[in-house]
Amino acid sequence: MSRTRFDGLPPGKIASHLGVMLLVSAVLGVVVSGLAIPFAGVLGFTARNVAESVDDLPQQLATEQLPQRTEIKDKGGRTIATLYDQNRVDVPLRQISRTMVEAIVAIEDYRFYQHGALDVKGTVRALFTNQAAGGVAQGGSSITQQLVKLTLINQAKTDEERAAATDDTYGRKLKELRYAIALEKRHTKDWILERYLNTAYFGDGAYGVQAAAQHYFSVNAKDLDLRQAALLAGLVQSPEAYNPTKNAAQAMVRRNIVLGRMAQLSVVTDAEADEAKKRKLGLKVQEQPNGCVNSGAQFFCDYVVRWLKTDPALGETPAEREALIFNGGLTIKTTIDMRFQKAAQASVKSHVFKDDLAVGALALIEPGSGNVRALAQSRPMGKKKGQTFLNYAVPTKYGDAAGFQPGSTFKAFVLAAAVQKKIPLSKRFPAPNPGRFVESEFETCDGPYQSSGIWTPGNSTRSSAAPNLYEGTQKSVNTFFVNLEKEVGICEPWKLAKRMGIRSLTKANIVPSFTLGVASVSPLEMAEAYSTFAARGLHCDARPVTQIEDVDGNVLKKYEKSCTQVLASPVANAVNDVLRGVIAPGGFGQALSPGQPAAGKTGTTNGNNSVWFAGYTPNLAGAAVVAGVNRKGHPESLDGKSVGGRTLYTSSGSTTAGPLWGDTFKAIAQYLEDEDFERPSGTDVAGVLTPVPSVAGRSYEDARATLEDLGFSVVRGGTVDSGYRAGLVAYSSPGSGADLGAGDTVTLYISDGSPKAAKKKKKRGGGGPPPPDDD
């Protein structure tokens with residue numbers, strides 16, 4: 001006979017028992033219509049008052065999408081990183097083994113399919129037992145009630161909501177019961193059980209049965225056997241106390257309890273249970289790496305996340321976008337080629353060691369698409385010595401690094417602007433050493449440069465007194481390019497560099513020393529710009545992601561390539577022909593040749609703080625930098641530093657940064673098609689280029705016909721705000737007056753007939769295609 005007697009308890013205990021009975025009666029009054037509340041009058045309440053208080057509680061529980069892990073895929077569909085706040089993969093009930101379903105029901109709620117939201121027998125038994133024991137001695141919550149609690153905890157947005165979801169009060173339990181009733185009305189038992197198995201925490205960072213099966217046994221939930229299912233079913237009561245990776249003995253005891261219960265309920269036979277009890281836990285733990293730090297392409301992964309966080313289509317704020325990325329169960333398809341990534345990483349690490357007081361970084365981009373194929377740097381991601389969270393390969397907004405001065409790699413923009421201005425490649429300019437230049441004689445976008453100073457740059461190499469464009473570029477003669485820039489002006493090279501991908505440039509960079517690379521940039525920006533030359537003047541924005549899919553495989557967003565002809569193809573052909581000389585015999589980069597047609601440019605800064613090599617084949621562009629960086633990430637000279645196991649008494653773009661590029665391209669040459677650059681036409685380069693006519697206000701068909709008759713390739717762009725009648729051409733890109741060669745691409749944007757909307761969009765910095773240049 002039980003020793004728990006009312007006449008043997010103190011008055012406080014009696015009142016507590018009566019309160020419990022009142023609560024149970026109230027709940028049953030809601031669940032079972034007409035059920036009496038026999039003890040209501042003892043404490044001065046009425047059945048009607050209690051029922052009304054229950055009716056005041058919320059009647060529906062919104063079940064949001066469960067947090068699920070996101071996978072980042074390479075261009076071939078292989079996972080390169082997983083991101084999650086909760087390691088979970090939702091699976092339907094049909095993809096969970098029947099044995100697992102039977103095990104969880106047997107141990108947690110064996111009458112689940114017979115009772116409603118509240119298991120009356122179990123709840124009454126548990127409440128009285130716990131009251132008599134003065135604590136929680138027995139659980140009585142149904143699976144539906146447990147699901148409600150887990151859902152409230154999971155969906156809590158604030159500390160207050162989290163505290164309320166776990167508060168040990170009868171008010172919370174009553175609220176949970178109300179929600180449980182609502183769930184049972186709205187959903188089937190199978191839905192509730194499926195949701196529960198996907199929501200429950202199984203310890204060791206595994207949320208949901210699929211992640212747990214993969215983590216503990218390296219199998220899918222549909223393949224769980226009796227021994228495995230019993231272990232997982234036992235974990236949900238106390239995931240950490242029974243964690244088999246930390247508390248194997250306790251996990252074994254708990255697993256055997258589940259097996260015994262299954263046998264008791266005739267879910268399995270006694271013999272099957274006994275046989276399973278004799279076996280070991282059978283763990284085959286598989287860790288699920290989380291975050292970019294655990295990726296084989298750490299800084300590419302980081303770039304992808306930060307790039308997506310700038311996309312308003314993924315959420316109104318960066319915080320909302322981050323929540324979607326880390327909890328949305330997305331599949332993010334990227335452009336990285338892990339063959340290229342491994343080659344780039346191996347090259348960078350072999351030439352610059354992680355503990356050096358220097359950093360090496362390299363970026364690879366595919367011309368004609370903007371696809372980012374690899375990002376590598378010498379310092380791995382982390383907090384330890386020789387590690388960093390700064391991404392030196394990408395622009396500041398995506399990696400927090402400030403970039404480095406690119407040196408003579410900027411001479412290519414002056415070269416391109418000179419060819420575009422019809423300056424013959426054979427024209428010669430003086431190259432005094434040192435030179436003496438009056439700064440006010442340089443033309444900016446706003447007239448002469450406002451300075452009365454005298455600039456005296458020198459040359460680091462010998463050359464003829466007056467080299468032509470081929471010779472001056474091959475030897476990277478500073479004063480030759482200063483004279484060339486003086487002829488061309490600073491404005492056009494500056495604009496061209498921005499159009500080709502150096503977006504960080506400001507008007508403060510329009511200075512006479514522009515051609516010597518005084519603005520700080522990243523390898524990705526330089527690779528993007530040089531890929532424009534490789535693509536014969538077609539500039540494509542750097543693109544790390546091609547599309548995002550949701551948990552069901554539906555495409556949430558596609559990221560199409562964004563390309564614009566910014567340089568006439570004959571001009572690009574001429575630049576390519578000149579830059580080939582850098583890698584050809586006699587050029588600084590001769591030793592870097594990958595065995596395929598290639599072009600490039602070296603870069604070295606005053607003081608040797610950073611050295612560069614930017615180069616490309618017809619189908620891949622890359623930029624490498626080696627820069628002096630102290631422990632705090634601040635720039636300093638490379639001189640006298642040990643870099644890659646050797647002390648640098650002198651450094652240059654060709655000998656210090658060039659090998660990062662050269663070894664990478666030599667390793668991946670086997671994957672690149674053998675293509676050659678198109679030789680420039682003397683007639684075209686001499687200036688026989690075709691200006692783009694004005695086609696605004698004409699029908700698309702009429703405009704296309706006009707442009708195609710001139711030899712241009714025509715692409716239809718999107719719809720834009722414009723004062724022209726809807727359906728007519730709003731403008732072209734490049735705009736009217738731009739000189740292009742045969743086959744170059746002209747994009748036509750179509751008016752939607754709403755000029756006011758255009759003003760509003762411009763005011764708030766909205767998206768859409770850029771308007772045509774008005775200069």
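**Loops, helices and sheets in a predicted model**

Student: With a relative accessibility of 14%, is Asn608 buried or exposed?
Tutor: A residue is buried under 20% relative accessible area, exposed over 50% and partly exposed in between (1.4 Å probe, protein chains only). Because its relative accessibility is 14%, Asn608 counts as buried.

Student: What kind of model is this?
Tutor: Residues are numbered from 1 along each chain as its sequence is written, and side-chain values use heavy atoms, leaving out hydrogens and water. Local features need pLDDT of at least 70, side-chain atom pairs count only at pLDDT 80 or more, and totals for chains, interfaces and linings use all residues, this being a predicted model.

Student: Between which two strands is Asn608 found?
Tutor: Strands (E, at least two residues) and helices (H or I, at least four) are DSSP runs, numbered from the N terminus. Phi of Asn608 has a positive value, near 55°, although the residue is not glycine. Asn608 is found in the loop between E14 and E15.

Student: What is the order of the open sheet of 5 strands?
Tutor: Two strands pair if DSSP finds at least two bridges between them. Pairing in this sheet is antiparallel, and the order is E5-E4-E16-E15-E14.

Student: Which strands stand at the edges of this sheet?
Tutor: An edge strand here has a single partner strand, so one of its sides is left without a neighbour in the sheet. The strands concerned are E5 (372-377) and E14 (599-604).

Student: At about what angle does H22 run to E14?
Tutor: Helix H22 (residues 569-583) is mostly covered, with 15 of its 15 residues buried. This helix lies across E14 and strand E15 (610-617). Axes are lines fitted to C-alpha atoms, for helices over the stretch in contact (heavy atoms within 4.5 Å), and angles run from 0 to 180 degrees between N-to-C directions. Relative to E14, H22 runs at about 65°.

Student: At roughly what angle do the axes of H15 and H23 cross?
Tutor: In H15, residues including Phe340, Ala343 and Val348 belong to the contact, and in H23 residues including Leu660 and Ile668 do. The axes of helix H15 (residues 338-351) and helix H23 (residues 653-668) come within 9 Å, and they cross at roughly 145°.

Student: Which strands does H23 touch?
Tutor: H23 packs on the sheet, and its direction makes about 145° with that of E16. The strands touched by H23 are E4, E14, E15 and E16.

Student: What is the relative accessible area of Phe202?
Tutor: Phe202 is found in the loop between helix H8 (189-199) and helix H9 (208-217). Its contacts, not counting residues up to four places away in sequence, include Met100, Leu197, Tyr216 and Pro239. Phe202 is buried, with a relative accessible area of 0%.

Student: What is omega for the cis peptide bond from Asn433 to Pro434?
Tutor: Pro434 has its place in the loop between helix H17 (411-420) and strand E6 (437-438). The bond from Asn433 to Pro434 is cis, with omega near -5°.

Methods:
Expected span 1.5 Å × (residues − 1).
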